[in-house]
Amino acid sequence: MICTSLQYRDIDDIFDAMDLPGMEMAEIRLDNCELSPDDIDELFSESDMPLVATCRISDKVPAAVAEAKLIRAIQAGAAYADLEIDAPAMMSKRIRREAAECGTILIRSFHDWQGTDSRIALEAIIDKCANLGAEIIKLVTTAHSQEDCQRVISLYDNRKGVRLIAFCMGEEGRQTRIDCLKKGAPFTYACIDEEEATAPGQWPIAIMSDKIYGSLKMAGYSSMNDEVIFNMPASKSFAQRAIIMAALAEGTSHLSGFSSCGDNDSAISVARAIGAEVTVSTGYTNNKADKNISELIIKGIGAQKNCLHMDEMHTGESGFLTRMMIPILSVLNQNDTLITGEKTLLERPLKGAEEIMKAFGVQLSGDKVPLGIHGTLQDGNMEISGKDGSQIISGLLTALPLLDKPTHIVLKEPKSIPYIFITLDLLKKFGIKISNEMEGGLDFAETQDWNLCDSMNFHIKGGQHFQAADIQLESDWSSAANFMVAGAIFGKVALTGLDTKSLQADLSILDILMEAGVSMSQEEDTGILRIQRAPLQPIDIDADNCPDLFPIVALLAAFCNGTSYIAGVSRLVGKESNRAEAILEMLQKMGVNVHLSKDKMVIKGQSLCQRLLTGNLLKGGKYSSRHDHRMVMALKMAQFGADSPIEIDDEVCIEKSFPSFFDLYKKL
């Protein structure tokens, strides 16, 4: 990325400069800009652009003044703080502590205005910066020859794990300001024009931008710099559960914020099949008709044990709906039931379902759809395994309150815990009470990290009845993640309608993007969430509880400079495709260095700038989505970083979860 140095400006001039074409991030020279403490607060707190706070110590700017300005910027929200290697020790200690507390990335910098020392001396400077707590090391010398330039650029060799910005000043070293990006520097420095250059040989931003991004522009691509606000569809995790619960309820429920997709439409069909009356009315967004947003009005059946006489039920292509309805039908239906489905569902094994239902006295014929259900759900004290996922657990929690007597469940090795809490939250809104406790070892007790939970206990009172409810359905974080990652890699996006306190597992995309170093902000009054491109660093995350994020997060990792690790590969086998194989095939064909190591996917990424400058953009061509809607979305976002068009064999499958995706995608 290009960081443009700004100096000799007041706050209005700085904000004006940040709107100039090609501005991606900026260095604010606090030692040379006319900024009051309030100006510093405003600048670093209100800007969505990644900002570097720099304040050089000099005769005009004593160390105490520089320290105060840097700490002010850090506390206001500076993404980076640049501190010279020879800053006083106590100042260094205080700045380092403040940066760590505020989440500001600390740059330790060294400048040689006279020349370029030996390789050994330069290596020693890098080691010193690292020992002083540098998260990014900036080493800049003055070049008098090409040998000087080569010596500095060679510092990137064998520097694994070190985030290094090393280049040369002077006309002789001008090219190194771009060459450092080829070697993996997180960003380089430019100026508005040469009159405002902070050092000899600094490129004007317009020229540097053209040299770096010119190949993309020639191919017809443009950066996502024009803000378009995207409204995400309803979460089908919420919608499907709410539709079925409303169908079971006594009375009429209203589900607002509904958006149609294949899986949600299947849930409506199931609701109607068990006798509920479902009306869909066109909804409104900001008082304007929106064909994609509706309200569902559902008159429920007042469900009771053995209230149905059905021989067959069709659940479309929804694996969740299938698993949820297995326990529900074994309570409501007096007959044995055959569940049928379509498309990819016919090939997806319902792993673990047979064993779990057997513990409750119900027999399943087969491990795939079509699937027979034989017997009636039994109450009692049960211990079952959740290692194969949470979907059938959600079905049990919905069905067991309808039995006459209470049930106690000990769920060992729970997976996708956030989805279980979505179910519990919605059950509560429909009048169903279930108490639960989570258990784990000392690490879980100290952190309350769901990934460390080894069992859950549920106490379910019998004889309960579902009551009608009016619910605003949440927007979908799974869908939003694709646009957020696109903005994080290629430009910027803004999204609305998302609840940052949601129980949705895929809210984890916020933590993942934060770990990658992405610039994010949210307006308090409108709730608009803004994602802006920033230098991306490798991630090490566990996607066990959010497997739907895996494809798009794998694409993110391909543009993070370094080696990323994504755990949770085993959770991908039973999706619409063998998603682990699909992701590996996609990335390898695109030219990304990726492999599996036990339950982790290991991805060696390169920044967008590095890919552009080394001619290593993702490879276009013909790709298979494997009829998986999540793979379609990841492939479409990959197009922005590909050297030629990406052709996908089946894009229609995206209607399963996000029919309006292509309309929104075109706005990017």
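**Charge and burial in a predicted model**

Author: Helix α1 supplies the largest share of the negative patch, three residues. The model is predicted: local features need pLDDT of at least 70 and side-chain atom pairs pLDDT 80 or more, while totals for chains, interfaces and linings use all residues. Residues are numbered from 1 along each chain as its sequence is written, and side-chain values use heavy atoms, without hydrogens and water.

Reader: What makes D12, D13, D16, D19, E34, E42 and E46 a patch of negative charge?

Author: Asp and Glu count as negative, and a patch joins like charges within 9 Å, from residues with over 30% relative accessible area and no salt bridge. These seven residues gather in such a patch on the surface. Two or more residues come from each of α1 (11-17) and α2 (37-46).

Reader: Why is D19 called exposed?

Author: Exposed means over 50% relative accessible area, and buried under 20%, with partly exposed in between (1.4 Å probe, protein chains only). D19 has 66% relative accessibility and therefore counts as exposed. D19 lies in the loop between α1 and β2 (25-29).

Reader: How do you know that R177 has no salt bridge?

Author: A salt bridge needs a side-chain nitrogen of Lys or Arg within 4 Å of a carboxyl oxygen of Asp or Glu. For R177, the nearest side chain of opposite charge, E27, is 8.4 Å away. R177, in helix α7 (residues 176-182), is buried. Its contacts (heavy atoms within 4.5 Å) include F167, Y189 and W203.

Reader: What makes helix α18 (residues 550-558) mostly covered?

Author: Nine of its nine residues are buried, among them F550, I552 and L556.

Notes
Patches are made of residues with over 30% relative accessible area and no salt bridge: like charges are joined within 9 Å, nonpolar side chains (Val, Leu, Ile, Met, Phe, Trp, Tyr) within 5 Å. Accessible areas come from the Shrake-Rupley method with a 1.4 Å probe; for residues, only the protein chains shown count as cover. The place of a charge is taken as NZ of Lys, CZ of Arg, CG of Asp or CD of Glu. Helices (H or I, at least four residues) and strands (E, at least two) are DSSP runs, numbered from the N terminus. Lists of a residue's contacts leave out its neighbours within four places in sequence.
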